[in-house]
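I opened this entry to get my bearings in a structure I had not looked at before. My notes follow in the order in which I looked things up.

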Amino acid sequence: MTNLLLIPLLSYLPADTIANQTHAIDEVVVVSGRTEGRKRSIKGQVASIDEHIGELSHVNLVRRGSYAWEPVVNNMATERVSTTIDGMKIFYACTDKMDPVTSYVESGNLQSISLNSGLSGNPQSTGNIGGSLDLRLRKVGFDADRFSGNASAGYEANGHLQVYGADAAYSSDKFYINGGAFYRHADNYKEGGGREVDFSQFSKVNAFANLGTRLSENNIIEGTFIYDRASDVGYPALNMDVSKAEAFITSLSYKRLFQHPVLNSWETKVYYNHITHIMDDTTRPDVEIHMDMPGKSWTSGLYSLISASKGIHDIQFNYDLYYNRLFADMTMYPGGAAPMYMLTWPDVGTLNTGVALSDALSLPHSQTLKFTAKIAQQWQKLNSEEGYHALRVFFPGMKDSYYQTIGRVAASYQKAINHYTFNIGAGWGSRAPTVTEAYGYYLNNTFDQYDYIGNPRLKNESAIEVNGNIDWHPSTSFTLNLDANAFFFYNYIIGQFENRLSAMTVGAEGVKVYGNIDHATIVNTSLSAQWKVLPWLSWYGKASYAVGRDADKDPLPLISPFAYASSLDFTLWGKLQTRVEVKGNSRQVDYAPKYGETETAAYTIVNLNAQYTLSVRKSSLSLRAGVENLFDHRYSTYSDWCNIPQKGRNVYVNVSVGL
Ligand SMILES: [Cu+2]
C-alpha cells in the first residue's frame with residue numbers, strides 16, 4: 001500500500017476529479033487537455049498510451065513488440081496489478097498477454113491516468129498487490145466552451161509511424177457530448193545500427209463518445225462508448241502475431257450531487273465490455289505446425305460509490321460487482337494429420353463482488369492519516385465440460401467451481417515539518433490466482449520456452465507491504481525525494497518445473513505447473529531530485545534500484561536493474577521548451593536464470609525534444625519535434641521480452657491544434 005500523496009502531485013489532477021479522489025492517488029499523468037505545467041508525455045497527445053504510462057514513477061513496461069506494452073508496477077506485472085477504465089473492470093483476452101487492457105484505449109479517450117502504488121488501491125480494484133491504474137476518460141462536462149475541437153497528427157521516421165486524431169465537443173448547462181477518432185499505423189522499425197526488426201508493424205483505429213445530461217441541478221446521467229480495433233500487429237518477441245484485437249467498451253452512470261452537511265455525491269455505474277483477440281501465424285516463415293488461437297473476454301458489472309465528508313473525515317464507500325467470462329482455444333494443424341483441438345482457457349466464469357471503504361483524516365499540525373480496506377468474494381466456474389475434464393487428468397478430484405475470499409487493508413500517515421514531508425505506510429492484501437494460473441492449459445511461454453499448466457489447487461497469494469517516503473524541499477526551487485517500499489509475499493504464485501509431463505509446443509523445453517512458493521520478497525527504492533536552476537533552466541535526476549527474491553533467496557524474474565535518468569529543460573525566448581535527456585540501466589547482474597531469464601547488458605541513450613506552443617485567444621497550436629536514441633545505440637532493456645532490441649534513432653514531429 002502506501003500513499004506518498006506528494007502534495008505537488010495533487011495539482012496534476014483535473015479540477016473536477018480532485019473532490020472525490022483526494023485519498024488514494026499517488027501519481028497522475030495527464031494525457032490530454034490544455035492544462036500546462038503538469039506531468040505528461042513529452043510527445044504530447046500524439047504519444048501512445050504506453051508512452052504516457054511510462055511517465056509514472058513506479059511503472060515499467062514489458063515490450064513484446066512496438067504495440068501493447070504491459071505495465072509493470074513496483075516490479076509486478078498484470079497478475080498483481082489492477083487496471084480499470086473509469087472504475088470499470090476489463091480483462092484481456094490473450095493467453096500470451098499480447099493485449100494488456102491499456103491497449104484498448106487511445107490517448108484521445110483519456111483525460112489522465114492515475115496510479116495508486118501498492119495495496120491502497122482505488123475503490124474498484126481487486127488483487128492489486130503491486131498497484132492499481134485507473135484510466136480516466138476525457139469528458140468535456142457541463143458549462144465548458146460551447147464548441148471545441150482538437151486535431152493532431154504525428155510522424156516518426158523510424159518505422160514510418162503515422163498518427164492522426166481529431167475530436168469535437170459540445171457543452172451546455174444541460175447537456176454535453178464529446179467524441180473523436182484516432183488512427184495509428186506503423187511499419188517495421190529499425191533497431192540501433194539500422195537492422196529492421198521483422199514483425200514489428202501495427203495498425204489501430206479507435207473511436208469514442210462520452211455524453212452527459214443534467215436531469216435537474218443535482219442529477220446527472222452519463223454514458224460512454226469506446227470502439228478499438230488493432231489489426232496486423234506484429235510481435236517480434238513471440239511466435240505469433242495478431243490479425244485482429246477488438247474491444248467494445250460501454251457504460252451508463254447516474255450521479256447525484258448533494259448540498260448536504262455530510263453527503264457529497266453518489267454515483268452508480270453499469271458497464272459492459274467485450275474483447276475479441278485473434279492470433280495469426282500465417283505470415284511467419286518456417287511454421288512447423290500452424291495454429292489458430294482466438295481468445296474472448298466478456299465483462300459486465302456495476303459499482304456504486306458514495307463520497308461523504310464530515311469534520312476531519314473524507315470518506316468513500318464503494319460496492320462493486322462484476323461477471324467476467326474468458327474463453328480461449330487452440331487448433332493445431334500438423335501437416336497432413338488430423339487437426340488437434342484444445343481449450344487453453346476453459347470458458348471460465350468469474351463472479352466477483354466486494355465492498356471498499358476509505359477515509360482520509362486531516363489532523364492538526366499538517367498531519368494526514370489515510371485508511372483503505374476492501375473485502376471481496378469470488379466464485380469461479382469452468383463452463384466448458386471438455387476443458388474441465390482435460391484439466392482433471394492432471395488434478396484428480398478437482399471441482400468445476402471454486403470460491404475465494406480476498407481482501408486488503410492499508411494505512412498511511414503523512415506529516416509535514418518545516419522543509420520536510422514524511423510519509424509512512426503499511427498494508428496487507430491477498431489476490432486469487434488468475435485464470436491462466438488456475439486453469440490455463442498448455443500455454444507456451446516464450447520467455448523461458450516452457451509450456452505452462454494452471455493449478456486449480458493454488459492457494460491465494462498474500463503480501464505485507466511497508467513503505468516510506470521523505471520529501472525535502474529547502475526552497476521553492478529544489479526538491480529531493482527518497483522513496484522505498486517492500487513487499488513480503490506468502491504463497492507467491494510462480495511456474496514450477498514438472499518433469500513428469502512433456503511439452504506440447506514444438507521446441508519447448510518442458511512443462512511448468514503454477515505453484516505457491518512459501519515466501520518471496522520485492523523491494524523498490526528510488527531517489528529523485530528537481531532543481532529550478534534559473535527561471536529558464538531546470539534539472540531533473542532520478543535513480544532507482546530494486547531487488548526480488550524467492551524462498552531460496554534466488555532472484556525473481558523481470559526485476560529492474562539499477563536505472564537512472566537525468567534531464568535538462570531549457571525555455572528559450574520564453575516560448576520554445578527544449579529538453580536533453582539521458583537515461584539508462586546498469587548491467588542486469590541480478591537476473592533470474594532459474595526462471596529462464598537471461599542477462600541484459602547496460603545501456604545509455606540520449607533523447608532530445610523541442611516544443612513550441614502558440615496561443616491566440618482560445619485557440620492553440622503546438623509543434624513538437626525530437627530525436628530518441630540520438631546515437632543510434634543498439635540496446636534492449638531488462639523488460640524487453642526475450643531481449644528484442646529497442647528502436648534505433650527515431651526522429652519525430654507532431655502538431656496539435658485546439659479550437
Ligand atoms: Cu494473443
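E1 and strand E6 (residues 110-117) pair in the antiparallel sense, over four bridges. I then looked for the partner of Glu27 and found that its bridge partner in E6 is Leu115. I note here that the model is a predicted one.

Next I looked up the sheet around this pair. It is an open sheet of five strands with mixed pairing, and I wrote down the order as E1-E6-E7-E4-E5. The edge strands are strand E1 (27-30) and strand E5 (88-89), each of which pairs on one side only.

I then turned to the nonpolar cores. The largest nonpolar core has 96 residues. Which residues have the most contacts inside it? I found Ile113 and Trp345. Strand E25 (residues 510-534) gives the largest share of this core, with five residues.

I followed up Ile113. Leaving aside neighbours within four places in sequence, I listed its contacts as Val28, Val29, Val31, His52, Ile53, Leu133, Leu135 and Arg136.

Then I looked at the backbone for positive phi values.

- I noted that Lys97 has a phi near 55°, which is positive although Lys97 is a residue other than glycine. I placed Lys97 in the loop between E5 and E6.
- I noted that Asp286, also not a glycine, has a positive phi of about 55°. I placed Asp286 in the loop between strand E14 (263-280) and strand E15 (289-310).

I found five helices and 31 strands in its secondary structure. The radius of gyration is 24 Å, close to the 26 Å that the globule rule gives for 659 residues, so I put the protein down as being as compact as a globular protein of that length. Along the principal axes, the C-alpha atoms fill a box of roughly 70 × 55 × 50 Å. Of the 659 residues, 46% count as buried. I also looked up contacts between residues at least 6 apart in sequence, and 65% of them join residues at least 24 apart.

Notes. Residues numbered from 1 in each chain as written. Predicted model: local features only at pLDDT ≥ 70, side-chain atom pairs only at ≥ 80, totals over all residues. Helix = DSSP H or I, 4+ residues; strand = E, 2+ residues; numbered from the N terminus. Rg over C-alpha atoms; globule rule 2.2 N^0.38 Å. Buried ≥ 20, exposed ≤ 12 C-beta atoms within 10 Å, placed from the backbone. Contact = placed C-beta atoms within 7 Å. Pairing = 2+ DSSP bridges. Core = buried A, V, L, I, M, F, W, Y, C linked by C-beta atoms within 7 Å.
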